[in-house]
Structure formats: structure tokens, C-alpha cells
Amino acid sequence: MNILVTGGAGLIGSHLCESLAKKGHEIIIFDNFSYGSKKNIKSLLHYEHVQVIKGDCRNLNNVKDAVKDAEVVFHLAANPDVRLSSTKPEIFFEQNIYATYRLLEGIRKNSKIHTIVFTSTSTVYGEATKIPTPEDYSPLIPISIYGASKLACEALISAYAKTYDKNAIILRLANIIGERSTHGILYDFVRKLKNNSSLLNILGDGTQKKSYLYISDCVNAIETAWKRARNQIEFFNIGSEDQVSVRKIAEIVVSEMGLENVKLIFSGGVDGGRGWKGDVKNMLLDISKIKRLGWKPKYNSAEAIRVTIKRMIR
Ligand SMILES: NC(=O)c1ccc[n+]([C@@H]2O[C@H](COP(=O)([O-])OP(=O)(O)OC[C@H]3O[C@@H](n4cnc5c(N)ncnc54)[C@H](O)[C@@H]3O)[C@@H](O)[C@H]2O)c1
């Protein structure tokens with residue numbers, strides 16, 4: 001299979017490309033290297049069947065080059081920084097919504113791509129009243145600009161799929177963690193503790209609780225959904241089956257880094273203890289749909305955090 005992976009040099013993209021390349025697929029890694037890096041895809045460069053294109057989804061000429069030989073696209077390129085979206089909404093309109101529209105136009109006009117796999121997010125659910133939250137939960141009321149931008153992408157992708165006879169697989173991911181992260185809570189805590197190992201400043205009141213999934217479990221889930229989805233447009237939640245609070249995460253990170261007597265200082269947060277405006281305080285996805293396809297996570301949230309920290313600090 002000839003596969004295009006946008007955002008292929010990022011956290012999830014680079015791990016996904018490694019797995020697809022090992023299985024012998026022809027891969028085109030398409031990335032503007034804004035967050036991703038050459039280092040992330042170093043192990044892939046020796047494969048003859050892996051091609052790297054430096055380009056931007058917002059640029060139609062770049063997109064034309066990338067899509068012309070592909071049959072399937074995994075569209076991961078995006079700005080994934082939820083917190084940043086509360087202060088710079090325009091970035092998310094451009095880098096998520098507009099970039100996705102441009103890619104879809106490239107697919108429509110210049111390619112034989114028949115399947116679009118899209119990495120969406122749990123944040124499209126906003127503050128769901130049903131926990132664990134199933135795929136058919138409604139109404140979808142995102143509370144972050146990031147969540148809104150990804151929901152807009154979901155809508156564009158499903159409409160293009162219906163209008164131009166494509167398949168669409170939309171994956172709503174929980175927090176994905178693993179080595180090569182460039183943002184997020186673990187990255188933030190490790191960086192702060194390396195600078196000052198006696199105290200840790202934490203955003204929010206520490207009670208925010210969410211589901212965390214290790215990167216290898218995420219890649220397996222993405223491949224399972226891609227291979228086994230049967231309907232023209234399918235939605236899958238991907239996450240672990242439990243939650244961990246921010247306070248607990250801080251304790252795990254401190255212990256895995258071998259530190260003692262670290263003072264945890266909570267900012268208290270905004271809007272009832274959130275880390276920032278738009279931070280969802282309680283997130284757990286119902287993953288029974290993807291489990292019925294034969295996938296299940298190997299690690300729970302706390303184990304995923306421990307494994308990630310061990311690999312981040314070694
Ligand atoms: N990591 C998570 O917890 C998580 C959770 C839910 C959804 N997602 C989604 O999964 C996808 C991958 O996330 P990630 O954590 O690997 O992020 P990442 O930042 O590591 O990867 C995104 C990649 O896209 C590239 N990119 C960004 N804008 C681009 C553009 N306009 N053109 C070409 N390349 C561009 C970046 O350089 C980067 O390599 C994103 O769509 C994100 O929204 C991630």
C-alpha cells in the first residue's frame with residue numbers, strides 16, 4: 001500500500017511510520033518540521049520504500065506532490081497544543097482547519113487516495129456529562145479552540161468523503177504519551193524538574209483527571225481501526241480504560257525521576273481549578289467500539305506514564 005502520513009515526523013506520526021515501514025508499505029512522510037524533527041525519523045531513512053517530503057499542508061503545490069502517488073492518507077499534521085489555542089486562536093484556524101481543507105482539495109483534484117484516516121481528539125466532546133464518553137455522545141460542545149478546530153476538521157473530512165466517494169476513519173484520541181513528545185504535561189513536568197528539583201509548579205488545582213495512552217498502544221489502535229473499519233465513515237475513541245489525576249501524575253514523575261521532598265505548588269487554576277481556559281477537567285473515553293475490533297491497551301494510564309518517564313529521562 002502506498003501511504004502518505006502528514007505530520008509523519010511528529011510524536012505519533014514517527015512511531016506510526018516506523019510500524020508501517022516495518023510491514024513493507026511504501027511511505028511518504030510529509031511534514032513542515034515545525035514541531036516534528038529529522039531525529040524522530042532517523043531510523044526510517046535507510047528504508048528504500050520511505051520517502052520524506054518537507055512541505056506544508058497549507059501549500060497546495062506541496063500537497064499536490066505529496067498526494068499524487070498515495071492511496072491512503074493518515075492525516076496527523078496539526079498544531080496539537082491545546083493550551084496555546086486559548087491565547088492564539090488564529091494559529092488553530094490556519095494550521096488545523098485551513099491545512100485540512102487544503103489537503104482535502106489536493107486529494108480531490110490530484111490523487112487516487114481512497115481512504116483518509118484522521119487523528120481527532122477527545123476534546124471534541126467538551127465537558128461530556130456521560131463518562132466514559134461513547135462515540136455517539138451529543139451534542140458535541142468543545143470548550144477549547146483546539147477542540148473546535150479538530151471538530152471542524154472532522155466535519156470537513158466526513159463531507160468530502162461523502163461528496164467525493166472516499167472512506168473516512170476518524171479517531172478521537174485521549175492523551176497520547178511516549179518518547180519524542182514536544183509538549184504536554186509530562187514534557188512540562190520533566191523540564192521543570194530538571195531546572196529545579198526541589199519544587200514543581202503545577203497548573204490548576206491538581207484534581208483534573210484524564211486518560212493517558214502509551215504511544216505503542218496508540219499506533220496499534222490506529223492500524224486496527226484502519227484495517228478493520230467497515231463503514232464509509234467511522235468514528236473510534238482511542239484511549240485507556242482509566243484516569244489519573246494531575247496530582248498523581250506529579251507524584252509518579254517525581255518518583256520515576258528519583259527525587260524526594262519535592263514541593264508541589266498548585267496554581268489553583270482558572271474557572272473551577274482548570275489548568276487554563278478550555279482545559280477539560282474530567283476525560284475518559286468509552287473504548288468498547290475499538291475493543292470489539294480486537295484491540296485493547298497493554299498499559300493503563302499510570303503504567304503508560306511510568307514507561308514514558310523512564311524513556312524520557314534515560
Ligand atoms: N498527542 C496527543 O495527546 C494527541 C491527542 C489527540 C489528538 N492528537 C492529534 O494527533 C496528531 C499528531 O499529534 P502529535 O502529538 O504527534 O503532535 P506532533 O506535534 O508531535 O506532530 C504533528 C506534526 O505535524 C507537523 N505539522 C504541523 N503543521 C503542519 C503543516 N501545516 N504541514 C505539515 N506538517 C505540519 C509538525 O511538524 C509535527 O511533526 C495531531 O493531529 C493531534 O491533533 C494528539
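Guide: Asn 261 lies in the loop between H7 and S13 (helices are DSSP runs of H or I with at least four residues, strands runs of E with at least two, numbered from the N terminus). The model is predicted, so local features need pLDDT of at least 70 and side-chain atom pairs pLDDT 80 or more, while totals for chains, interfaces and linings use all residues. Residues are numbered from 1 along each chain as its sequence is written.

Visitor: Why is Asn 261 called exposed?

Guide: Asn 261 has 8 other C-beta atoms within 10 Å, and a residue is exposed at 12 or fewer, buried at 20 or more and partly exposed in between, with C-beta atoms placed from the backbone; Asn 261 therefore counts as exposed. Asn 261 also has a positive phi of about 55°, although it is not a glycine.

Visitor: What makes Asp 271 partly exposed?

Guide: Asp 271, in the loop between S13 and helix H8 (288-291), has 13 C-beta neighbours inside 10 Å, and therefore counts as partly exposed. The phi of Asp 271 is likewise positive, about 55°.

Visitor: Why are H5 and H7 called oblique to each other?

Guide: Helix H5 (residues 185-195) and helix H7 (residues 246-256) pack at an angle of about 50°, with their axes 10 Å apart. Angles under 35 degrees count as roughly parallel, over 145 as roughly antiparallel, 65 to 115 as roughly perpendicular and the rest as oblique, so H5 and H7 are oblique.

Visitor: How do you know that the buried residues of H7 are on the same side?

Guide: In H7, Val 246, Ile 249, Ala 250, Ile 252 and Val 253 are buried. They cover an arc of only 165° around the axis (taken from the directions from the helix axis to the C-beta atoms), which puts them on the same side of H7.

Key:
Axes are lines fitted to C-alpha atoms, for helices over the stretch in contact, and angles run from 0 to 180 degrees between N-to-C directions.
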